[in-house]
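Colleague: I have not looked at this one before. Can you take me through it?

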Amino acid sequence: MNTPTTSLQAQLDTMRAAFARGAPDRRQRQRALLGLARALRTHQEALLQAVDADFGGRAHAETLLLELFPLHDQIRHARRHLRGWMRRRRVRSPWFLLPAKAFYEYQPLGVAGIIGAWNYPILLTLGPAIDAIAAGNHVMIKPSELAPRTATVIARIVDDAFAPEQVACVNGGADVAAAFSDLRLDHLFFTGSTRVGHLVMQAAARNLTPVTLELGGKSPAIIHDSFDLERALARILTAKLMNAGQTCVAPDYVLLPAGREAEFEALARRIVAAMYPGLAGNADYTHIVNDAHHARLLALVDDARAQGARVVDIGPGEEGVSSAQGRIVPPTLLFGTTDAMQVMQEEIFGPLLPVVSYRTLDEAIAYVNDRPRPLALYYFDDHRGRQDEVLARTRSGGVTLNDCLYHLAQHNLPFGGVGPSGMGQYHGFDGFVTFSKKRPVMVQRRLAATALLRAPWAQRQWLLNVMLRIASR
Ligand code: NAD
């Protein structure tokens with residue numbers, strides 16, 4: 001019987017057997033990464049079209065800037081630094097183990113599994129795969145079923161670039177994803193919602209499979225009163241409206257000094273109109289991925305309005321957008337929201353921006369700290385002392401000061417959440433480490449002091465006394 005479980009298990013067995021015949025060396029890994037870069041270029045047009053079709057309208061520029069550019073950049077970085085990352089590193093031995101030598105090195109784990117989300121369907125599957133391949137693993141990828149055309153092109157890219165026992169792509173629905181997370185993998189890397197994150201970790205726990213969970217949350221953007229509001233807003237709205245807000249690190253809501261609301265609204269209208277002169281028929285403005293998410297966002301607005309929020313559609317030109325023009329949700333500000341509103345309880349994942357007014361910085365920090373730890377935190381302020389204070393008094397997966405999103409693109413910084421926004425990290429060296437075992441090795445010499453550390457203990461009591469005296473000095 002060919003259930004998802006049996007065919008996935010057969011795939012895993014093939015890959016594990018291939019890995020057992022020998023893990024890829026540095027040159028093989030670099031060649032594999034180069035092959036992936038070539039296949040990405042060959043299929044670039046197909047990828048742009050597929051993502052566009054999956055969203056019912058996704059700006060090609062966004063796919064190029066936010067998915068393909070980062071993947072090529074990540075491949076280049078990994079290929080260039082792989083030799084250094086793989087280097088064996090010597091460490092000093094403690095006095096009681098001298099003259100032994102000690103070192104550690106990063107060893108591939110075996111077969112890693114990757115489950116991706118739909119919002120950046122190329123980046124969130126092939127990005128972790130690059131780190132896993134650089135670390136010398138074989139990799140099974142399960143793209144999201146909510147971006148099915150893109151998933152088909154990813155499968156073609158994987159087929160073109162790799163031997164099937166080295167990297168494989170399996171497609172299918174949530175049942176396949178669930179069976180995938182049940183596999184006895186050597187590492188399971190999941191990007192998606194906190195809700196499904198729980199299920200993935202439960203399934204992995206049954207096999208003691210280590211997990212990295214890249215989840216979401218409500219990422220705040222705090223604007224200090226002293227900061228140029230126009231500069232802050234241009235950056236916040238750029239980040240919020242890329243992919244129509246369907247970004248894990250998009251600013252979810254703004255904390256704004258009380259009394260600046262009218263100025264905020266006027267500036268926001270101007271900035272949005274400059275970026276998107278119209279929404280309907282504008283290929284730069286990405287649509288909502290499916291009807292369910294579209295309806296969810298409209299319901300969030302209705303619920304907030306019904307409970308007394310002031311809802312301001314800042315989409316330029318049109319008086320509202322009809323559903324005949326596609327799944328468009330206009331950029332929308334929400335003032336006067338409360339915790340009772342659904343929009344303040346769940347990650348928005350769309351172009352709605354609640355604006356929460358605060359009186360003191362203490363109040364803004366307390367607001368953030370009263371809520372689950374977010375994936376990202378943004379703070380706009382040029383004052384070093386206050387920047388340090390906000391950093392010291394808050395917790396989040398990552399931070400960008402005076403801008404949004406871009407900490408994610410720093411090769412030399414780890415990327416990942418904390419608490420309900422995720423666990424573990426990747427990107428650059430940190431991704432290489434995530435998919436490796438940092439294996440310690442000690443090399444004993446012919447003559448070793450440890451020869452004294454054995455029974456009969458009555459004759460060695462003096463030695464233990466000396467050791468304890470030295471260690472407890
Ligand atoms: P989702 O959790 O609904 O789905 C993610 C993946 O889980 C899909 O590929 C799906 O096939 C799979 N899945 C579904 N049921 C499963 C099960 N029972 N067991 C195992 N896998 C299962 O998330 P989504 O809607 O695709 O993505 C949106 C969420 O992802 C948001 O919360 C967003 O913040 C988060 N996200 C996080 C990051 C990050 O890097 N931290 C990046 C992008 C998105």
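Modeller: We can go through the domains, then the ligand, then a few backbone details.
Modeller: This is a predicted model, in which local features need pLDDT of at least 70, side-chain atom pairs count only at pLDDT 80 or more, and totals for chains, interfaces and linings use all residues. Residues are numbered from 1 along each chain as its sequence is written, and side-chain values use heavy atoms, with hydrogens and water left out.

Colleague: What does the domain assignment give?
Modeller: Domain 1 (4–215 + 424–437) and domain 2 (220–416). Such bounds come from an automatic or database domain assignment. The centres of the two domains, taken over C-alpha atoms, are 30 Å apart. Their contact (heavy atoms within 4.5 Å) takes 24 residues from domain 1 and 26 residues from domain 2.

Colleague: How much area do domain 1 and domain 2 bury between them?
Modeller: About 2000 Å², with 52% of it on carbon and sulfur atoms. Buried area is the accessible area (1.4 Å probe) that two parts lose on being put together, summed over both.

Colleague: And the ligand, why does it lie between the domains?
Modeller: Because domain 1 and domain 2 both give residues to the shell around the ligand.

Colleague: Which residues come nearest to the ligand?
Modeller: Of the 28 residues around the ligand, those are Gly116, Trp118, Glu145, Ser193 and Glu347. A residue is near if one of its heavy atoms lies within 4 Å.

Colleague: How does the shell divide into nonpolar, polar and charged?
Modeller: There are 16 nonpolar, eight polar and four charged residues. Ala, Val, Leu, Ile, Met, Phe, Trp, Tyr, Cys and Pro count as nonpolar, Asp, Glu, Lys and Arg as charged, and the others, Gly among them, as polar.

Colleague: Which backbone atoms lie by the ligand's nitrogen and oxygen atoms?
Modeller: A polar backbone atom of glycine 116 is 2.6 Å from a ligand oxygen. For ligand nitrogen, a backbone N or O atom of leucine 215 lies at 2.7 Å, and one of glutamate 214 at 3.5 Å. A polar contact here is a pair of N or O atoms within 3.5 Å.

Colleague: How much of the ligand does the protein cover?
Modeller: The protein covers 90% of the 860 Å² of accessible area that the ligand has on its own, by the Shrake-Rupley method with a 1.4 Å probe.

Colleague: Changing topic, which peptide bonds are cis?
Modeller: The one from leucine 98 to proline 99 is cis, with omega near 5 degrees. The bond from alanine 455 to proline 456 is also cis, with omega near 5 degrees.

Colleague: Where does proline 99 lie?
Modeller: In the loop between strand S1 (89–91) and strand S2 (101–108). Helices (H or I, at least four residues) and strands (E, at least two) are DSSP runs, numbered from the N terminus.

Key: Polar contact = N/O pair within 3.5 Å; in protein donor to acceptor, adjacent residues only side chain to side chain.
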